[in-house]
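Please walk me through this structure in the viewer. Tell me what to select at each stop and what I will find there.

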Amino acid sequence: MLLSRQQRMRKECRTTYMPSTQQFCTFFIDGHCFGASVAMVKEVIQFQPITRVPLAPDVIVGLMNLRGQIVSVMDLRRRLEFPERPFDQLPVNVVVQAHDSAVSLLVDEIGDVIEVQEETFETPPVTLQGFARHMLRGVYKLPERLLLVLDIERVVDLENFTHGSVAAIGTNLYKAHATESARRVQ
Amino acid sequence: MDEIVKDFLIESKENLDRLDQELVKLEADPSSKELLASIFRTIHTIKGTCSFLGFAKLEKLTHTAESLLARLRDGELSLTPEVTSGLLAAVDAIRLMLAAIQETEHDGGEDYTPLIARLADLQNPLALASKPPVESPAAPLALPTADSENAKPVQEASAVPPVLDEDLADPSKLGGLLLQRGLVTPRDLAQALHQQEIGRKRLGEILIEQGAAHPEDILAAQRALESRNPEAAVETIRVGVTLLDRLMNLVGELVLARNQFLQLRNRVQDAAFLPLSQRINLITSELQAEVMKTRMQPISNVWNKFPRTVRDLARNCGKEVHLEMEGQDTELDRTIIETVKDPMTHLVRNAIDHGIELPEIRKQAGKQPQGLLMLRAFHEGGHVHIEVTDDGAGLNRSRIREKAIERALVSRLQVDRMSDREIFELIFLPGFSTAEKVTNVSGRGVGMDVVKTKIEKIGGTVDVHSAEGKGTTIRIQIPLTLAIIPALLVTSGGERFAIPQVSLLELVRLETGKAIEIVHGAAVYRLRGRLLPLVYLNSELGLVTHPLRETSDAAVSIVVVQAHGCEFGLVVDEILDSEEIVVKPVGKQLNKISAYSGVTILGDGHVTLILDIPGLARRARIISGSQDTSQKSNHPEATVVTGSQAFLIVESGSRRRMAIPLSLITRLEEFPLSSIELAGRHEVTQYGGKVMPIVRLSRVPSTGGSASTVAVPDDLLQVVVCSESGRSLGLVVDRIVDIVNETLTIEPPGHRAGVLGSSIIQRRITELLDVPALIHEAPASASEPPATDEKGV
């Protein structure tokens, strides 16, 4: 029973989530280690001057000039509902390319690019509740810590994945997600 | 997909577009050997490549088309409209197959046997009965360019004997031309060519050295060659659009880096540094200008497909149309070209379907049976003007009027008072169509409004001019480029913003903010007697939160802007400078915010938001979401609740209070009683060079009936000038009381003319005036400008 579940999970990992080898760009937010697929990360740069955008949702800190390209800057702490970053701490820009537009994610600190073993993959633990759960693909159990893998497409999609709309628009997605993880837990 | 297939697709697509044009041209000029040769060549190329790539169906079709063309070329067949249609159908089929190849890498499952049979039938000897007078028999040599292409390697290879083969006589080469002109002897030429092969010298030089020809002759011949073959002189390569955009971005960055570099110049003491920095400066500017040019494309890119469209449409409608195009080289920004494509097509279709009449009707009207459709494009005053003119029936005013009423777009009352221009404007209303029946060409009632919206979206305007029986001209005016627009930079709440120059009217600086009047949180300023609603940019954008209660003594900067015909003042902290800015789109995460139309990067590398003035106006409720609220308010059925709106409260006769919507008021004036004149039974005055009717509010509604004028001190009348759809009306009031911003609950008044109903404002019963009705009931003749041609009777 246990074996078959693992096998099924591995198969799913292979087909739906993970190519055979996965590399992640890692970064830290409020002490947690997050990862984004290297294929989506364009570059990592130090903090840049930002133009404030009045009336914008507050996860969008503003706009920055990335060598002539205008990039929206999103505070990942706010997006994932972590407490605000201390004032004296300068964030780092992780520029990701999602769909057609580039978005810069503000993180506390940047980590290494790491390669992970598929065997260590798990879906988000049920104990991890709240809104942030919908933006996680899953967790890799690294020897020293857990690597939380972000679904970048969802992170930058403010239309369908905002706090209010997950309940309304994303119900089906949420349901699918919930039943899937419930099934896995059994 | 294979690289070679991709190349084939791109090349064939261009060739097909040319084919369309050439076939239509050929129909007009069937004797042109060159056109026929070019068409033949194109089809031949496609056939050759697709057989090589193994697209059997495509090959079969092209082969049939080619044989038909071969017979035409050899003069065995004459070009009839049927043949042209057949060939055009073949071009369409090829296009479909190419699209299929692009998607599936196979030439599609469609069955083209009927078409192939039709093409085969067309070359049927029966058709030979009408054999045309052929001036020259089969003349493969009359295909100069085709031969010259084949000839190239041959000529280069003719290293050995000084024997003159026919390739040497090719007049598209220098030697051949000289020979043709009899300036060299064949012997000399052959010898020179031989020399050219051995040595590295050019043919002309050798001939001169040998004394076989005069230098002048050779120069003249060279010049003739260059002018004859312009395509050969200009070399082009294909570059992806994304690459060009990227280049454009990088150049922008380079300009910024250059600017910083130039600032450094003052600090560096090295003598070599100054000239170097100047050089970099120059090169960068030049590079920028050149890269900008790559975005420009001639309008012929859009127009090229029109000869075909016009021919097909005209044949469908049974009309004869001659298409003329002027200013095809007029260049436009790539993005604008894309946007005008559909509106242009629509206008052309309209002109043929609605504008140009059937040949018999044209004859009856004393016109040429063939209609003329004229496309013109030219640059003027930083704009591109495009005109679509037809010499057809023109717009039928009464029919437009009837249709507009029938479709409940306007009321009969409104239409009766409209000028010609305003009536023509009706065709741009959504849902308007005068076509008697829906054809597959036009008549569905979606169209002109889309044309107008599309053009206005890119900052352009559309105008109609029409004379009944003579034709219609639609004039489009669009900016040269969307990418770069002039804008005014302002600051508000510590941030910089750009306001596009198109929405800018004037700049006003008040030395003291006390001149601003604030009523219930709504600020207005009397700008030359006219009430200007004010919007504080910082509070509108949420940069400050405290509501406005009173004005401070500090100086105020107002940017007067307009959106959809409404003027309002934008209060900003500081007015900086105007600058040419490069517009970039706002990211997906932010495009829901209606306050911005784009983003730009300023000279110092700073990212700045571009304000969307119409969007801001909507946010601030200067203009309502739907623009025709005033028309709807004509029919109060029961209790009506208006949206929050600003009203001017006036008093008139026996302390009656009345409210006038602020949006309809253009000015507050004082007229001496003596300036009021009588026209018939109506009071009028001269205002702005026009005759403006005057209505005394004390007589509205006509309850009193007495002519007793209310005593006005100093014989000065307080007049509120209202206007709607181009007509003005002066309302004489006793006193202007206040301006309120309120949501009114209106009780219907029974039915009294001129009054929509009453409401309670500031604990007083206040009547809401129906200004549009008052304006329309005012004498029509008085509201028209004097001296029109109907006057003579």
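**Stop 1: confidence**

Begin by colouring by pLDDT, since this is a predicted model. The model scores ipTM 0.73 and pTM 0.47. Chain B averages a pLDDT of 74, and 77% of its residues score at least 70. Now select residues 127-164 of chain B. Here the pLDDT is below 50, and the stretch has 36 contacts in the model beyond near neighbours in sequence. Next, select residues 702-713 of chain B. The pLDDT stays under 50 there too, and the model has six contacts for this stretch beyond four places in sequence. Where pLDDT is low, the predicted coordinates should not be read in detail.

**Stop 2: a five-stranded sheet**

Stay on chain B. Select β2, β4, β5, β7 and β6 of chain B: in that order they make up an open sheet with mixed pairing. Which strands stand at the edges? They are β2 (321-326) and β6 (461-467) of chain B. Each has a single partner strand, so one side of each is left without a neighbour in the sheet. From one strand to the next, the twist averages 15 degrees.

Zoom in on β6(B) and on β7 of chain B, residues 471-479. These two strands run antiparallel, joined by seven bridges. For one residue pair, pick Ser466(B): its bridge partner in β7(B) is Thr472(B).

**Stop 3: the helix across the strands**

Select residues 448-457 of chain B. This is helix α21, which lies across β6 and β7 of chain B. The helix runs at about 135 degrees to β6(B).

Before leaving, click on Gly459(B), which follows α21(B). Its phi is positive, near 80 degrees.

**Stop 4: where the chains touch**

Show both chains. The contact takes 19 residues from chain A and 22 residues from chain B. On the chain B side, select α12 (241-265), β17 (596-601) and β18 (607-611). Each of these elements supplies at least two residues of the side that touches chain A. The largest share, four residues, comes from α12(B). Colour this side of chain B by class: 10 residues are nonpolar, eight are polar and four are charged.

**Stop 5: chain A and Glu122**

Move to chain A, which has five helices and 11 strands. Of its 186 residues, 28% count as buried. Among contacts in chain A between residues at least 6 apart in sequence, 55% join residues at least 24 apart.

Finish on Glu122(A), in strand β9 (residues 121-122) of chain A. How exposed is Glu122(A)? It has 14 C-beta neighbours inside 10 Å, so it counts as partly exposed. Leaving aside neighbours within four places in sequence, Glu122(A) is in contact with Gly138(A), Val139(A) and Lys141(A). Draw a distance from Glu122(A) to Val139(A), C-alpha to C-alpha. They are 17 residues apart in sequence and 5.2 Å apart in space.

Key:
Residues are numbered from 1 along each chain as its sequence is written. Chains are lettered from A and ligands numbered from 1 in the order in which they are written. This is a predicted model: local features need pLDDT of at least 70, side-chain atom pairs count only at pLDDT 80 or more; totals for chains, interfaces and linings use all residues. Two strands pair if DSSP finds at least two bridges between them. Axes are lines fitted to C-alpha atoms, for helices over the stretch in contact, and angles run from 0 to 180 degrees between N-to-C directions. Two residues are in contact if their C-beta atoms, placed from the backbone, lie within 7 Å. pLDDT is the predictor's confidence in each residue, from 0 to 100. Ala, Val, Leu, Ile, Met, Phe, Trp, Tyr, Cys and Pro count as nonpolar, Asp, Glu, Lys and Arg as charged, and the others, Gly among them, as polar. A residue is buried if 20 or more other C-beta atoms lie within 10 Å of its own, exposed if 12 or fewer, and partly exposed in between; C-beta atoms are placed from the backbone.
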